[in-house]
Amino acid sequence: MSSTQPQEVSAAANVNRPVLSVRHIAKTFGGIAALADVSLELLPGQVHALVGENGAGKSTLIKVLTGVYRADAGTIEYDGAEVRFARPLDAQLAGISTIYQEINLVPLISVARNVFLGREPRNRLGLVDFRTMNAQARRLLAQVGVTVDVRRPLRSLGTGTQQMVAIARAVSTEAKVVIMDEPTSSLEPREVAKLFGVIEQLTASGIAVLYVSHKLDELYRIAQQVTVLRDGAVVHTGKISELPRLQLISHMLGRDIAQVQRQGVTAFDDRSGADPDAAEQLLDARGLSKRHQISDIDLSVAPGEIVGLGGLLGAGRSETVRAIAGATKLDAGEVRVRGRKIRNGSTAVAIGAGIALLTEDRKADGIIPGLSVRENIVLAAMPRLSKGGVVSTARQRAVVDIFMKRLRIKASSPEQKVSELSGGNQQKVLLARWLCLSPQLLLLDEPTRGIDVGAKAEVQALVAELAAEGLGVVLISSELEELIEGSDRIVALRDGRVVGELRGDAVTENALLTLLSGEPAANPDPPPEPAADVPDAAVPAADLPVPAERTKEQR
Amino acid sequence: MTAPTVPEQLPDRAADAVRERQSRARRIGWIRDYGVYVALLVLIIFNIAATPNFVALDNLRVQLVQVAPVMIVALGVAMVIGTEGIDLSVGAVMALAGALIPLYLGYGVPVAIAVALLGGIASGLFAGVLVASIGVQPIVATLALLVGLRGVAQLLLGGQFRQISSPEFNNLGTGSVLGVPIVVLVAAVLAVIVGFLMRRTVFGRRVVAIGGNPDAARLAGLPVRRTLITVYLLSGLLAAIAGVLLTAYQKAATPSTQGLLMELSAITAVVVGGTPLTGGRVRVLGTVAGALLMQIVTATLIKHDLPESSTQMVQAAIIILAVYVQRDRGGARR
């Protein structure tokens, strides 16, 4: 595979006119702006990276481009004319193909039929002309380097090959624009290399590619342009070679890299008390690995210590805590609590060992909406609060009262339905669910996301208080202040691996951003001046073989 | 992007819309929760006023005896539906239990009954393992049993129906204690037991939690698989009890027809009683009322000389209404 640099030059010939320009697009959902004044231009023959954290508006933008949503304001100009796609099919017919993260093909029908689904070649009787279809499918797939029996059902292929079929389908519609939403999330390194080869073919033939990913290494390898979205607005757009990684990350996270001091805006006390080496380790996890998610992650937590997990979207933070809590079955690795190894893949076993996991998504895997506040709180502790399998409402009430008071849960009564509470109170209910088990280790995955300011400060203060009582805490937060002020120590993850650790005074935003960016830091301590002008620091990384083969010493 | 959950944070108009939706949801919620009792009450009052002999003891007895097997089966199906599952095998389990009775009556009535109930337990266990351990969809797993078990039942009796002449056994179906038919007594006791199980035991609360949010239940360390298997097992057991009672009432085992379409009557009673098909809630008393309502509707229409076709149409209307008031639940929930 060739480097991206020469191609940029060759593509520069027809760069003059964008094939797709989006101007001042806005979209609101129920009063909340998902996109505000977003503009973007795709040039033929170029790969344009679209990046942003959760909720930045990437998916909404793609859905507007492909006719799933209609923009509230703004225009889309495609191929020289203003367009309005009423439905996804219109966009496809016009030549905008989308390859979604979850492969949107039909597993049970043949590969060839998948390629031509909805536009099968017909014979004179109006029936599907299988011979022509299979031949054409074979030719299309050969173009993307796949040689399989096209009559086989799609599901008999591996995920990577299925992804290639999706691409062949996208290309076969004579697309001028191909949108790829995290196409590599389930691919092996070898398949990624293949995909990049195909992308180079596409761009060489003048197709514009909009490439969504949060794997920075990939972006710097394959893309020429980049647009960064944050909170529904464009915060940066331009040539990717002119944007150092650190700068890119600070755009994504909304941090000005000049201001790197602890600001004291969260309810955490300045934490520097716990000495992680002094105490016996509470949690000792070694070599946690799960295909496509995390590899070889080590994590230890001492009693009374708050360990932050730093990382961008998709770095493997949630996957790591879920693995420790027994919610996913590991491929390799072991978890020890106070030196005793616990069987992995069972939440009951992990809970028995004193591990509690507060999940990221309250609604999907946290609250049980139809049940009362009381029942949600006692859910895990039920056997302890019953006699001979018969629930004792009085005993539950006693426990529930204690936690409702301590956590200041605002509900009309313990019998109110949990679904009627605000997000912050629901989160406190979930915290109470775990606290009434008297856990030793709390795994908190975005404990303050989407809750109001007051509740947020309360939750933060509570976490600090619990740590002071001797609980070990693992904290995941996308808010840098929370992570930095809340943690005694931060373990940084990137692409499912540990890439470094910060402790004590080294815990600063700048140091963390540097770790997350994967740029080689000249100085482990925070430099007095922001490293904003590191000349083309990203370029060496573009020559690296493949992200997953990188060792963790590389930084 | 997460949807806003705190109404206060929304602009005024949106907040008004949320409040409006909530109050509407509350009204519909009231109908869902108490509608079946109100409907039952209205129907009973109407019958007392307009139907001759409705309050006659004989008539009440007949109605209750007829509805008892449906009620027993529906209690089990309600638990299964509470886990967001479904049990279509119950009618076939009744036939199987009935067919086992004449085969083992020679060893005494208790043995015959025990074997019949074991048949139901085995079937429920099988369905539960298919669903909980192997991950077969409940509708498919129990559909297979619906087809298969009736075949087994017919095979056991060589494709024939079998008269049962044991007065001791038949007394179960036709006898009374203090004027109350045994069948009705058993149904009432079982309703109380299942009600207690669902409301007051760890097991019952787990059933509801698993139905409400299986992912959350698993993460909270609940024994999801074991609970699901137990639920299907209980449903099989209850269906077998209904099968035994019906066999005794008919004084014959009739594997080709016994319990035919019972799964549908049971599901109807559960749904009309206010248990949502989306799981997370089991209404035991509602199920009892739902079964009674459907029974009395039928009886009323027949008494007033309306053709059977009209009965079926009225039943359909009630089912649609019940599903309609539950439909809004989805909106209020998420």
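Let's start with distance between domains. In chain A, the centres of domain 1 and domain 3, taken over C-alpha atoms, are 53 Å apart. Domain 1 covers 101-174, domain 2 covers 262-354 + 439-507, and domain 3 covers 370-438. Those bounds come from an automatic or database domain assignment.

A word on the source. This is a predicted model, where local features need pLDDT of at least 70, side-chain atom pairs count only at pLDDT 80 or more, and totals for chains, interfaces and linings use all residues. Residues are numbered from 1 along each chain as its sequence is written, while chains are lettered from A and ligands numbered from 1 in the order in which they are written.

Chain A as a whole, then. Chain A holds 19 helices and 22 strands. Both are DSSP runs, numbered from the N terminus: helices are H or I with at least four residues, strands are E with at least two. Of its 555 residues, 52% are buried. Buried means 20 or more other C-beta atoms within 10 Å of the residue's own; exposed means 12 or fewer; partly exposed is in between; C-beta atoms are placed from the backbone. Now contacts in chain A between residues at least 6 apart in sequence: 69% of these join residues at least 24 apart. Two residues are in contact if their C-beta atoms lie within 7 Å.

T173(A) sits in the loop between α6 (159-172) and β7 (177-181). T173(A) counts as partly exposed, because it has 18 C-beta neighbours inside 10 Å. Leaving out residues up to four places away in sequence, T173(A) touches Q92(A), G95(A) and S97(A). T173(A) and I240(A) are 67 residues apart in sequence, and their C-alpha atoms are 29 Å apart.

Next, phi. Most residues other than glycine have a negative phi. D37(A), in strand β2 (residues 32-42), has a positive phi of about 55°. D79(A), in the loop between β4 (73-78) and β5 (81-83), has a positive phi near 55°. D37(A) is partly exposed, with 14 C-beta neighbours inside 10 Å. D79(A) is partly exposed too, with 15 other C-beta atoms within 10 Å.

Where do the chains meet? The contact takes 34 residues from chain A and 27 residues from chain B. On the chain B side, α8 and α9 (214-219) each supply at least two residues. α8(B) gives the largest share, six residues. By class, that side has 14 nonpolar, seven polar and six charged residues. Nonpolar here is Ala, Val, Leu, Ile, Met, Phe, Trp, Tyr, Cys and Pro; charged is Asp, Glu, Lys and Arg; the others, Gly among them, are polar.

Now inside chain B. The axes of α2 (residues 57-82) and α10 (residues 224-250) come within 8 Å and cross at roughly 175°. Therefore α2(B) and α10(B) are roughly antiparallel, meaning an angle over 145 degrees. Their contact has 17 nonpolar, two polar and no charged residues.

The axes of α7 (residues 182-200) and α8 (residues 202-212) of chain B come within 5 Å and cross at roughly 70°. That makes α7(B) roughly perpendicular to α8(B), the term for 65 to 115 degrees. Axes are lines fitted to C-alpha atoms, for helices over the stretch in contact, and angles run from 0 to 180 degrees between N-to-C directions.

Last, α3(B). Of its 15 residues, 13 are buried.

How values were computed
Angles under 35 degrees count as roughly parallel, over 145 as roughly antiparallel, 65 to 115 as roughly perpendicular and the rest as oblique.
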